[in-house]
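Here are a few quick notes to read alongside the model. Have a look at it first, then work down the points.

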Amino acid sequence: MTNSLRLLLLPFSLIYGLVVIVRNWLFDVQLFKSARFPIPVICVGNLVVGGSGKTPVTEYLVQLLSSYRIAILSRGYGRETKGFLIADDSASAKTIGDEPMQFYQKFPQLTVAVCEDRAEGIKRLQREHDLIILDDAFQHRWVKAGLNILLFEYQKLLRQQFLLPAGNMREPFNGYQRADIILVTKAPEQLNSQSLMRCKQKFRLKSNQQLAFSYLTYADLVHVFTGQCVVTGQLPENTHVFLLTGIANPTPLINHLQSFNFRLSHYDYPDHYAFKHKDIDALLTDYRSSESEHKMIITTEKDAKRLMDPELKPLFLHAAIFYLPVEITLQVKDKPNFDQKILDYVAGTTRNRSLYKEENKQF
């Protein structure tokens, strides 16, 4: 966004900010009531629109809490349906959204559900589960989560940000005060003391709040349709990579691929973009016309879910198309306390089954 356009939009950001501040105050003084539930509810969210790494953080929680019966509840952004839905074999990115579809295919032992009304979704899920993870619900204050994990992308944290529509922030920065854990994502693996201090100075943490740092780790390439794995580092340096992304911030992925000295052609689309036939045609035309001996199409795991659309999948019949899985890794010094705070919350909040019927009467 240009500086001149941002200046024009700043008055609207002031109005938007005022509305958000009043709304949060109404919840803080309980004039607006937040629903509470007799089951552990963990919220993963951020203060900006997209790009903070909520999906890999949610997957990290699933693995950490694998001994519990977990349900992931999402709004299902970008889906073409409404209301409460539980993912099943008929689900697709169109019916439940790309991120819930990724969760469903990656963790078949879980329940993955979508609902705009998170309180209603929890009511439907709580009886058969030990805990619920809310994906991207920090601003959904109609539900009182027991544990809030708030994400900040490292690079964005270090520069000035603006409220919508002049910037990408959903609410003022001091919203972090509602969080139990603040997790800085996409930080350098080797974080020097000066950068660490700059980040820490952004927050005035209360005694019950925890700050942790994480970085991205990329796994081997996986064929979108066959599941075949390819070690990225074993590809020839001159490989022509056609990168297709529809995510908020593809920069870390681009940096990772450039570290292998690939020749990169990037086809960049907005977050959650619904790829069209013409988009894929343009990509494949360039891919097929490339004279490189070694070439492939690479996309993200989330984008791959939208490429499985029946109208798009046949177009890739003779193309080498892979997705690159990504996960978060906690800094060594932060991981024990981060994990323990979450484990302690769930273990200490798991409802007493004998009291469940009595507690559940209020819902």
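1. Let's start with a term: a pocket here is an open set of grid points with protein on both sides within 12 Å along at least five of seven lines. Keep in mind that this is a predicted model. In the largest pocket there is about 1,200 Å³ of space.

2. Who lines that pocket? The lining of the largest pocket takes in 48 residues, and nearest its centre you'll find Gly50, Lys54, Glu99, Asp271 and His272. Two or more lining residues come from each of helix H2 (54–64), helix H4 (98–106), strand E8 (210–218), helix H8 (251–258) and helix H10 (301–307).

3. Now for the inside. In soluble globular proteins, nonpolar side chains tend to be buried together. Here the largest nonpolar core counts 38 residues, and Leu73, Ile122, Ile132, Leu134 and Phe152 have the most contacts inside it. Helix H5 (residues 118–125) is the top contributor to this core, giving 3 residues. Apart from that core sits another of 33 residues, including Leu61, Ala91, Ile133 and Leu147.

4. Leu73 is worth a click. Setting aside neighbours within four places in sequence, its contacts include Ile122, Ile132 and Leu134, and also Arg118 and Asp135.

5. How far does the predictor trust all this? Mean pLDDT for the chain is 93, with 96% of residues at 70 or more. Go carefully over residues 352–363, though: pLDDT is below 50 there, and the stretch has 17 contacts in the model beyond near neighbours in sequence.

Terms used. Residues are numbered from 1 along each chain as its sequence is written. This is a predicted model: local features need pLDDT of at least 70, side-chain atom pairs count only at pLDDT 80 or more; totals for chains, interfaces and linings use all residues. Side-chain values use heavy atoms; hydrogens and water are left out. On a 1 Å grid over the protein atoms alone, a cavity is a set of points where a 1.4 Å probe fits but cannot get out, and a pocket is an open set with protein on both sides within 12 Å along at least five of seven lines; lining residues have an atom within 4 Å of a point. Grid points are joined across faces, edges and corners, and a volume is the space filled by probe spheres set on the points. Helices (H or I, at least four residues) and strands (E, at least two) are DSSP runs, numbered from the N terminus. pLDDT is the predictor's confidence in each residue, from 0 to 100. Contact means heavy atoms within 4.5 Å. A nonpolar core is a set of buried Ala, Val, Leu, Ile, Met, Phe, Trp, Tyr and Cys residues joined through side-chain atoms within 4.5 Å. Buried means under 20% relative accessible area, exposed over 50%, partly exposed in between (1.4 Å probe, protein chains only).
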